[in-house]
Amino acid sequence: MEKPINWQPLVKGIFLSLFLLFTVFPLYWIFITSLKPSNEMFTIPIHYWPKKITFDNYINIFKISNFGVYIFNSLIVSIIAGFFSLIIATLSGYVLARFEFKGKLQVMFAFFITQMIPLFIGLAPLYLLMSNLQLINRLPSLMIMYTVMMVPFCTVIMKGFFERIPSSLEEAAMMDGCSRISALFKVIIPVMLPGIAATFIFAFVQCWNELFLAIMFIDKEESKTIPVAMNSFITKFDIDWGSMSAATVISVIPTLLLFAFAQRYIVEGMTQGSVKG
Amino acid sequence: MKTQTEPIVERSMPTFRIAKHGLFIFLCLLPALLLVTVFIYYPLLKGVIMAFQNYSLFDLTNIDFIGLGNFQTIFADAGFKQSLINSFYWVFCSLIPQLMIGFIVALLLRRKFRGRGIYQAFIFFPWAMSGFLIGLIWRWMLNGQGGVINDLLMKLKIIHSAIPFLADPTWAMVSVVVANVWYGITFFSIMILAALQSIPDELYEAAKIDGANYMQQLFKITIPYILPTLLVTTLLRVIWILNFPDLIYSLTNGGPAGSTHILSTYMIDKLINGQNYGQAAAVGVIMMIILLFFSVFYLLATKFNKAGDF
């Protein structure tokens with residue numbers, strides 16, 4: 001395409017390498033930190049590779065806190081919220097993709113707006129609502145809120161997936177005597193499975209990472225999710241960086257793996273025009 | 001599953017009649033709409049009302065409408081003014097480098113080369129992380145005198161003595177912006193790359209035959225072609241960055257002395273520490289107004305009317 005000039009690949013290579021370094025270094029650094037013994041944490045000159053690799057920080061985090069409980073809580077909340085938002089979004093996405101009806105534009109707009117306005121404006125009323133429902137300090141509060149949070153985005157993604165599947169597919173099934181809903185679940189969904197898996201992963205990661213709702217609703221040891229727990233590790237004056245780095249690595253590994261797996265589909269979903277970082 | 005580069009072949013969108021399917025449509029949309037109404041729109045509406053009330057968690061027996069009282073209190077607060085100014089700085093200074101670098105990276109990744117897939121997977125990393133964790137990681141890297149960033153800058157002879165990144169208000173603001181740039185480049189490069197890959201190669205072939213050089217191709221073909229994507233992406237990103245408190249929350253928590261608060265962290269600070277919900281809600285209303293103005297202005301300025309369209 002461009003004129004072949006010799007220095008071009010070189011400049012390109014240098015730029016891309018520097019950018020890669022810039023992107024990866026913070027992750028490298030937190031990982032290396034988590035492997036350092038406490039006496040190497042603040043040495044000057046700084047050790048870019050630990051003299052002695054240790055897993056003490058990882059062991060320690062499970063000793064000084066209920067980290068296993070936090071992981072379990074985060075898992076259960078994210079899986080349940082991801083699952084329900086997917087089911088609900090499948091239904092609404094399907095209808096929005098396949099039917100023209102009065103008020104469709106308004107429905108889409110109502111979903112769209114939720115992605116635009118800062119939801120924490122409603123944080124205080126939400127707190128009161130949750131305490132009326134007796135859900136403060138209990139995980140269902142987060143399961144509900146995360147489901148709600150993810151439904152609009154997942155709806156749009158699912159709508160996009162449905163639009164690319166010819167409706168003749170479910171019509172054929174309906175000719176054979178399937179009801180619309182069973183055609184949807186028996187014929188269409190299986191075709192979309194990779195996309196659905198990616199949408200689930202995206203929702204899961206968002207829930208896994210969520211902080212402020214969790215801080216607002218949860219203040220009890222047995223109900224803390226990982227972000228809430230890590231937030232409570234930050235004290236006013238000091239952070240124990242050994243434990244903190246280990247906690248960071250533990251909490252980021254699942255999301256990195258899942259994202260690496262689902263990357264292509266997430267990009268696809270994102271680039272269909274619905275955007276949430 | 002088709003990739004974005006392939007044209008979407010014939011969207012089949014049969015228009016069924018409502019009368020026949022009304023109930024089905026209604027039932028399918030009901031759960032989504034119900035949840036969104038109860039748990040998003042109701043609290044938002046209530047939040048807007050609260051902005052005009054004297055609403056403090058410590059004294060729930062004494063809630064009255066106080067008109068614009070909360071707004072007056074906030075406007076009189078120096079911390080609010082600071083965070084308003086910071087918000088613009090935060091959005092602008094984060095957005096421009098994100099967009100520029102993201103664009104360059106996308107251009108460089110447009111053509112296939114060995115290892116491009118792996119490269120993309122690696123630069124995708126920041127995106128899988130929460131703003132909270134990113135803030136923490138940068139806080140550690142910028143930490144005190146012995147932070148790794150100071151060490152690197154001194155090794156590269158860019159600075160002679162350590163910079164108190166998080167203790168100095170100006171540097172603290174620079175720090176949160178740099179961390180945010182780090183976070184956001186990926187987003188732009190991925191969105192722009194997808195748009196670039198939708199440009200038909202024939203356009204470039206034709207331009208080459210006409211003797212257009214790289215820059216001419218860039219400005220005559222590439223940029224005009226992806227302009228709609230650029231505009232929508234930027235609009236949404238501005239809104240998103242403005243609403244994005246997580247990173248600042250864990251990196252500086254607004255400090256030192258409130259110098260790095262943006263509107264959203266200022267509001268959350270009021271919620272979590274101040275418990276003055278009325279004032280927090282008033283900040284939220286102001287944010288909504290800013291967003292509204294921005295969106296209208298942006299749409300008019302760009303005459304691009306498809307942003308509201310998914």
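Modeller: One definition to start: two residues are in contact if their C-beta atoms, placed from the backbone, lie within 7 Å. The model is predicted, so local features need pLDDT of at least 70, side-chain atom pairs count only at pLDDT 80 or more, and totals for chains, interfaces and linings use all residues. Residues are numbered from 1 along each chain as its sequence is written, while chains are lettered from A and ligands numbered from 1 in the order in which they are written.

Biologist: Leaving aside neighbours within four places in sequence, which residues is A:Gly242 in contact with?

Modeller: Start in helix H11 of chain A, where A:Gly242 is found. Helices are DSSP runs (H or I, at least four residues), strands are E runs of at least two, and both are numbered from the N terminus. With neighbours within four places left out, the contacts are A:Ser38, A:Met41, A:Asn57 and A:Asn60.

Biologist: Does A:Gly242 count as buried or exposed?

Modeller: Count the other C-beta atoms within 10 Å of its own, placed from the backbone: 20 or more is buried, 12 or fewer is exposed, and in between is partly exposed. A:Gly242 has 22 such neighbours, so its class is buried.

Biologist: What share of chain A counts as buried?

Modeller: The chain has 277 residues. Applying that burial count to them gives 46%.

Biologist: How many helices does chain A have?

Modeller: Read along the sequence, the pattern is α-α-α-α-α-α-α-α-α-α-α. There are 0 strands, and the helices number 11.

Biologist: How many Å separate the centres of domain 1 and domain 2 of chain A?

Modeller: Domain 1 covers 1-54 and domain 2 covers 58-271, with bounds from an automatic or database domain assignment. In contact are 6 residues of domain 1 of chain A and 6 residues of domain 2 of chain A. Taken over C-alpha atoms, the centres are separated by 32 Å.

Biologist: Which element gives the most to the side of chain A that touches chain B?

Modeller: 87 residues of chain A are in contact with 81 residues of chain B. Elements giving two or more residues to the chain A side include H1, H3 and H6 of chain A. With 15 residues, the one that gives the most is H11(A).

Biologist: How many residues on that side of chain A are nonpolar?

Modeller: Ala, Val, Leu, Ile, Met, Phe, Trp, Tyr, Cys and Pro count as nonpolar, Asp, Glu, Lys and Arg as charged, and the others, Gly among them, as polar. On the side of chain A that touches chain B, 20 are polar and 9 are charged. The nonpolar residues number 58.

Biologist: How do H6(A) and H8(A) run relative to each other?

Modeller: Their axes come within 10 Å and cross at roughly 155°. Axes are lines fitted to C-alpha atoms, for helices over the stretch in contact, with angles from 0 to 180 degrees between N-to-C directions. Under 35 degrees is roughly parallel, over 145 roughly antiparallel, 65 to 115 roughly perpendicular and the rest oblique. H6(A) and H8(A) are therefore roughly antiparallel.

Biologist: How many residues of H6(B) are buried?

Modeller: Helix H6 of chain B spans residues 131-141 and is mostly covered. Among its buried residues are B:Phe132, B:Trp138 and B:Arg139.
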